Amino acid sequence: MPVGPPPNLEPPDLLTANETATLLRTSRKAIYAMAERGRLPGVIRVGRRLLVRRDDLLRSLEERRAPSPGETRR
């Protein structure tokens, strides 16, 4: 019998260091440096592997974003 997560529970969207680097338009090395300094939200370490929760990263980027001219912030 196969073992897996309960049917209604989906795993969080996790990005690899390379995927995170592509999203942020930076290098993989910079992603590891940001994670080491605690400047990257949603970091999960599995052994030596670094994964980033996509939703946490995107939420953090939205919070840091500067408003466009004429735009009001909530």
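## Helices on a three-stranded sheet

Colleague: Helix H2 (residues 28-36) lies across E2 and E3, but at about what angle does H2 run to E2?
Modeller: This is a predicted model, in which local features need pLDDT of at least 70, side-chain atom pairs count only at pLDDT 80 or more, and totals for chains, interfaces and linings use all residues. Residues are numbered from 1 along each chain as its sequence is written, and side-chain values use heavy atoms, without hydrogens and water. Angles run from 0 to 180 degrees between N-to-C directions, the axes being lines fitted to C-alpha atoms, for helices over the stretch in contact. On that scale H2 runs to E2 at about 100 degrees.

Colleague: In what order do the elements of the protein run from the N terminus?
Modeller: Helices (H or I, at least four residues) and strands (E, at least two) are DSSP runs, numbered from the N terminus. The protein has three helices and three strands. From the N terminus on, their order is β-α-α-β-β-α.

Colleague: Which are the edge strands of the sheet?
Modeller: Two strands pair if DSSP finds at least two bridges between them. The sheet is open, with antiparallel pairing and the order E1-E3-E2. Pairing on one side only marks the edge strands, strand E1 (14-16) and E2.

Colleague: How many bridges join strand E2 (residues 43-46) to strand E3 (residues 49-53)?
Modeller: E2 and E3 run antiparallel, and isoleucine 44 stands opposite leucine 51 in E3. Their hairpin has two residues between the strands, and glycine 47 takes a positive phi near 65 degrees there. The number of bridges from E2 to E3 is four.

Colleague: Which residue in E3 stands opposite leucine 15?
Modeller: E1 and E3 run antiparallel and are joined by three bridges. Opposite leucine 15, E3 has valine 52.

Colleague: Which strands does H3 touch as it packs on the sheet?
Modeller: Contact means heavy atoms within 4.5 Å. The direction of H3 makes about 60 degrees with that of E3. The strands that H3 touches are E1 and E3.

Colleague: Why is H1 described as roughly parallel to H3?
Modeller: Helix H1 (residues 17-24) and helix H3 (residues 54-64) pack with their axes 12 Å apart, at an angle of about 25 degrees. Angles under 35 degrees count as roughly parallel, over 145 as roughly antiparallel, 65 to 115 as roughly perpendicular and the rest as oblique. H1 is therefore roughly parallel to H3, on account of an angle of about 25 degrees.

Colleague: Which residues of H1 and H3 make the contact?
Modeller: Of the contact residues, five are nonpolar, one is polar and none is charged. The nonpolar class is Ala, Val, Leu, Ile, Met, Phe, Trp, Tyr, Cys and Pro, the charged class Asp, Glu, Lys and Arg, and the others, Gly among them, are polar. H1 supplies Thr20, Leu23 and Leu24, and H3 supplies Leu57, Leu58 and Leu61.

Colleague: Does arginine 53 count as buried, exposed or partly exposed?
Modeller: Arginine 53 is found in strand E3 and, leaving aside neighbours within four places in sequence, is in contact with Asp13, Leu14, Gly42 and Ile44. Buried means under 20% relative accessible area, exposed over 50%, with the third class in between (1.4 Å probe, protein chains only). Because its relative accessibility is 33%, arginine 53 counts as partly exposed.
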